[in-house]
Amino acid sequence: MRDIYALTKPPINADALCYDEVNTSRGLKVPFVPSIITPAIEKPLRSGRYEAGERGHLENLLCADDVVLDLGSGLGLVAATAAKHAQRVISVEAQPDLLPLVLETWALNEVSNAALVHGVVTTASGPPAPYYVRRDFWA
């Protein structure tokens with residue numbers, strides 16, 4: 001069994017999420033936030049290829065009574081896809097700057113059966129852990 005732990009760095013203020021454009025990727029809306037979505041992510045997102053494999057498998061495999069644990073929320077697309085097909089989704093994200101983006105993605109897609117946890121999943125118990133974000137976090 002894995003444990004979920006809160007991180008020591010708090011998430012950013014959701015009001016700081018600025019965007020003027022909403023992309024649609026395979027039927028789901030995603031806020032285009034230039035300060036978060038890099039050109040390497042933008043191209044597959046706009047073409048519908050971003051996380052397309054994972055999302056396609058979920059669409060084909062999930063049943064209405066399934067509960068999904070999503071580790072690494074990213075933009076929130078995988079969890080939003082799962083939420084359209086499953087009973088409940090629990091999504092865990094360590095990168096604090098992504099939390100408002102995930103919640104906004106869910107709001108744009110009227111996701112109401114998902115919960116977002118800011119934390120990390122580990123194999124051992126322990127105190128809150130520091131989290132370091134590299135400049136080139138996104139590929």
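Me: What should I know about the model and its numbering before reading any feature?
Reply: This is a predicted model, in which local features need pLDDT of at least 70 and side-chain atom pairs count only at pLDDT 80 or more, while totals for chains, interfaces and linings use all residues. Residues are numbered from 1 along each chain as its sequence is written, and side-chain values use heavy atoms, with hydrogens and water left out.

Me: How many helices and strands does the protein have, and in what pattern do they follow along the sequence?
Reply: Helices (H or I, at least four residues) and strands (E, at least two) are DSSP runs, numbered from the N terminus. Here there are four helices and seven strands, and along the sequence they follow the pattern β-β-β-α-α-β-α-β-α-β-β. With contact meaning heavy atoms within 4.5 Å, 63% of the contacts between residues at least 6 apart in sequence join residues at least 24 apart.

Me: What share of the residues is buried?
Reply: A residue is buried under 20% relative accessible area, exposed over 50%, and partly exposed in between (1.4 Å probe, protein chains only). By that reading, 42% of the 139 residues in the protein are buried. Accessible areas come from the Shrake-Rupley method with a 1.4 Å probe, and for residues only the protein chains shown count as cover; the protein exposes about 7,800 Å², of which carbon and sulfur atoms supply 55%.

Me: Which residue forms a salt bridge with Arg-26?
Reply: The partner is Glu-59, with the closest N and O atoms 2.9 Å apart. Glu-59 is in helix H2 (residues 52–61) and Arg-26 is in the loop between E2 and strand E3 (28–32), 33 residues apart. Glu-59 is partly exposed at 30% relative accessible area, and Arg-26 is partly exposed at 39%.

Me: At what angle do the axes of H2 and H3 cross?
Reply: Axes are lines fitted to C-alpha atoms, for helices over the stretch in contact, and angles run from 0 to 180 degrees between N-to-C directions. The axes of H2 and helix H3 (residues 77–85) come within 9 Å and cross at roughly 10°. That makes H2 roughly parallel to H3 (angles under 35 degrees). Among the residues that meet are Leu-58 and Glu-59 in H2 and Leu-77 and Val-78 in H3.

Me: Which phi value does Glu-51 have, and is Glu-51 buried or exposed?
Reply: Most residues other than glycine have a negative phi. Glu-51, in the loop between H1 and H2, has a positive phi of about 55° although it is not a glycine, and at 19% relative accessibility Glu-51 counts as buried. Arg-26 also has a positive phi, near 50°.

Terms used: Salt bridge = Lys/Arg side-chain N within 4 Å of Asp/Glu carboxyl O. Parallel < 35°, antiparallel > 145°, perpendicular 65-115°, else oblique.
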